[in-house]
Amino acid sequence: MFRPRHAFSTILPAVLLALAGCGDDDAGGEYVPPADCSVVLRPGASAQTQVQEALIGAASGDTVCFAPGTFAFSEEISLSVDGVKLRGAGMTGANATVFDFKAQTAGAQGMDITGDDFVMEDIAVKNTRGDGVRVTAATGVTFRRVRVSWDAPDGTPDAALSTNGAYALYPVESTDVLVEGCEIVGAADAGVYVGQSRNVIVRNNIARKNVAGIEIENCIDADVYGNEAYDNTAGLLIFDLPNLVTIPNGRTTRVHDNDVYENNRRNFAAVGIIGLVPDGIGIMILAGNDVEIDANDVRDNGTTAVLVVSYESLISLAKESRPAPPYDTWNETLHIHDNTFTNNGRSPSANALVQVVIAATQPDVATPVLEDILYDGYANPDHAGMDDKRLCIRGNTTQTFINFDAADVATKFIDGGTAEVVISRDLAPHDCTHPAHAPVVIAP
Amino acid sequence: MLRRLSSLALAVLVALAGACGGDDPPPAAPDGGVDANGWPTTLAAWGLFEGDGHTQVPVAGVVPYAPVSPLFSDYAAKHRFLRLPPGTTITYDDEAMWTYPVDTVLVKTFAYADDPRDPASGERLIETRILWHRADGWDAMTYVWNDAQTEAVRTIAGKTFTHAWLDAEGATRETVYRVPNTNQCRTCHAGEDVLGPLGPRTRQLDSDFDYGSGPENQVDHLAALGFFDRTPPPRAMRLAMIDPETADASVTTEVRARAYLEANCAHCHRAGGRASPSGLYLGWEVTDPTRLGICKTPPAAGRGSCGLMFDIVPGDPDKSILFCRMASEEPEIRMPELGSVIAHEGGLEVVRQWIAEMDPVDCAPAP
């Protein structure tokens, strides 16, 4: 979006020579900058000014390299130039490049990126006051081997606290988004959050100790695969939320070949929709359109492997207000197939809504075990009988299933009204398939 | 080409001095010097003011103005000016932002009065920001005044310092002042779009200003100067903004509050603005209650949600995220994100009253 008028690249040798003398690096004495670094920055007392000036002065095509050690920032760092790569020396280990925002006094996030064709790799980001790295309205976003975490007040690393930032990696309203090889620990909302974006790949990341490990929200065309999500409240979320403008309704997400286990952490989100998510969830779909969930290994999640809820459930069970058009509350064209579900649902959440579902569906069971797939039963009446809109479930290793009839559960158990709850564990209405998704491709 | 290279080399030296040297602004080039991007390195080189500019008396052709509903900036006083290139005009519009000719310069100086209770007391200039309409679009820069108040120099990477000042009651306040870096200029003035002015348009300038010979309507004054490409409609036909703190008791709280939100929030909270992902739009023209935040759950708030569920709960400001964020001084909670660090009592009052006066609605009836 923004191209500076001058070409920093033409004066690279001078910059390299001069900046090499700056600061007092506290680690990585053997660091040899990659040959294609346009500029090399080293930790030091003036990191804030040094780094911010370098990012303002960068030119399209520059690679800004960061030596090992801790860059202590006092304010948000921003980048608006297109085509800039930020490259550290590693996201973990003795030679890691660490951006530490512990002393941050300004800025709603650690880093605020608006340039197109942004790349950030091999950097650890810690202790941001709010969100970790936000990228807004960019075309071309790559996070590669970026670690985001928060320390406890006593300095213990990797703490999961409600005072942590909400989102760790936060690309929003962007196109061609790639998040790979990253590790996110302790986000108070979602570790990797991709919102209102198009053409998204989130692969081979580790997300743990977050409320939501990875969340795809109101996106169009997203692939989520090869990730390891564990010890979160919920591992992977595919959400469409209401009242948004840029992408009011998302569609076409595939979630496959992920390792999603032991997501039993008590929800520590402040409030909001995310605060309603029960612990013990492997994968959750909210108001999804054309979502394919396949070949995942989902195990040891205490409440369920896959929770499928329409926004209608949030209205009837959680008393959210009814969103205005064009928001589409319904789940449609979901396809859950060929997953491995092991040992899920054996210690259901104490969350009030989960307990209502248990009370409604297995009232007399001493130690209830919930099904692999929990489905609220809401289906768009305008699309009744349309095969291409169905919830299809086929070919999972085990696939215990319940349609828990949320509408009548709400009437009877929440509103105190009269209703007959008609639960069903019959998979026959869902024994179908949808066409497989084509892979998302991001042009180099 | 040689000339360009030498100015480039100078810029590198300046940049490097800054890179190693902490927070001091880079040294100014000799008078009339420009940096590699074509920006004069000193404010003086713009030739906007009489003398060294400390008195903020503009030279002929530089016209002062003041918006009806101003952006709150931690109680700083602001001096605003407009300069058009000779022989050019603004494309006037009643509703939309005016279209300014290339080489228009918009100027805003931030200052603190030595004693706000005494109009005759002097003031300390902090920075002078410039929006410059260049051939390929608007561009932004700020110039930070020196302690001696004799010169202001171009400052790219911003500057943060603690300063003491007297408030309207004469009490000493000590706050952090943040001169924005040029990226932060873009955060408000560009959002997701191209950079541009926010304030000077019909509804914001359709009020009286004393140019030295008594109050005059600013739009009419600019028209008389020949600044417009057409004759604006008569004043009665124009829809002026309202000063949120106007003494006019006939102005409703809602109109005051909406005028405040327009000036203080809508530069981000609009389509294409920085806060576009939130779906909360606070512009003057917005009518959809959900867009305005009525019973609207934010998609992405984190601690910024203040532990509350809805942007605005009609009748209940204390349950409204919008009010909570305006009242906060924590960086990850506070709104607006940039431009001020302290909560604005006047703005809070009008917004609180607006929400409190709404017919109560139970956004989420309890089960």
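Colleague: Where does Gly377(A) lie?

Modeller: Gly377(A) is in the loop between strand S29 (373-375) and strand S30 (391-394) of chain A. Helices (H or I, at least four residues) and strands (E, at least two) are DSSP runs, numbered from the N terminus. One caution: this is a predicted model, where local features need pLDDT of at least 70, side-chain atom pairs count only at pLDDT 80 or more, and totals for chains, interfaces and linings use all residues. Residues are numbered from 1 along each chain as its sequence is written, while chains are lettered from A and ligands numbered from 1 in the order in which they are written.

Colleague: Is Gly377(A) buried or exposed?

Modeller: Gly377(A) counts as buried because it has 22 C-beta neighbours inside 10 Å. Buried takes 20 or more other C-beta atoms within 10 Å of a residue's own, exposed 12 or fewer, and partly exposed is in between, with C-beta atoms placed from the backbone.

Colleague: And which residues does Gly377(A) touch?

Modeller: Leaving out residues up to four places away in sequence, Gly377(A) touches Asn403(A), Phe404(A), Asp405(A), Ala406(A) and Ala407(A). A contact means that the two C-beta atoms, placed from the backbone, lie within 7 Å. Ser310(A) is 67 residues from Gly377(A) in sequence, yet their C-alpha atoms are 8.4 Å apart in space.

Colleague: OK, zooming out. How many helices and strands does chain A have?

Modeller: Chain A has six helices and 31 strands. Its radius of gyration is 23 Å, close to the 22 Å that the globule rule gives for 444 residues, so chain A is as compact as a globular protein of that length. That radius is taken over C-alpha atoms, and the rule is 2.2 Å times the number of residues to the power 0.38. Of those 444 residues, 58% count as buried.

Colleague: What about helix H2 of chain A?

Modeller: Helix H2 (residues 47-57) of chain A has eleven of its eleven residues buried, so it is largely enclosed by the rest of the structure. Among them are Gln48(A), Glu53(A) and Leu55(A).

Colleague: Switching to chain B, what's in there?

Modeller: Chain B has seven helices and ten strands. The radius of gyration of chain B is 22 Å, close to the 21 Å from the globule rule for 367 residues, so chain B is as compact as a globular protein of that length. In chain B, 44% of the 367 residues count as buried.

Colleague: How is chain B divided?

Modeller: Chain B splits into domain 1 (40-237) and domain 2 (253-357), with bounds that come from an automatic or database domain assignment. The contact takes 18 residues from domain 1 of chain B and 18 residues from domain 2 of chain B. On the domain 1 side, strand S8 (172-179) and helix H2 (182-189) of chain B each supply at least two residues.

Colleague: Last one: which residues of H7(B) are buried?

Modeller: In H7(B), those are Gly347(B), Val350(B), Val351(B), Trp354(B) and Ile355(B). They cover an arc of only 130° around the axis, which puts them on the same side of H7(B). The arc is that of the directions from the helix axis to the C-beta atoms.

Colleague: And what do the buried residues of H7(B) pack against?

Modeller: They pack against helix H5 (253-264) and helix H6 (321-327) of chain B.
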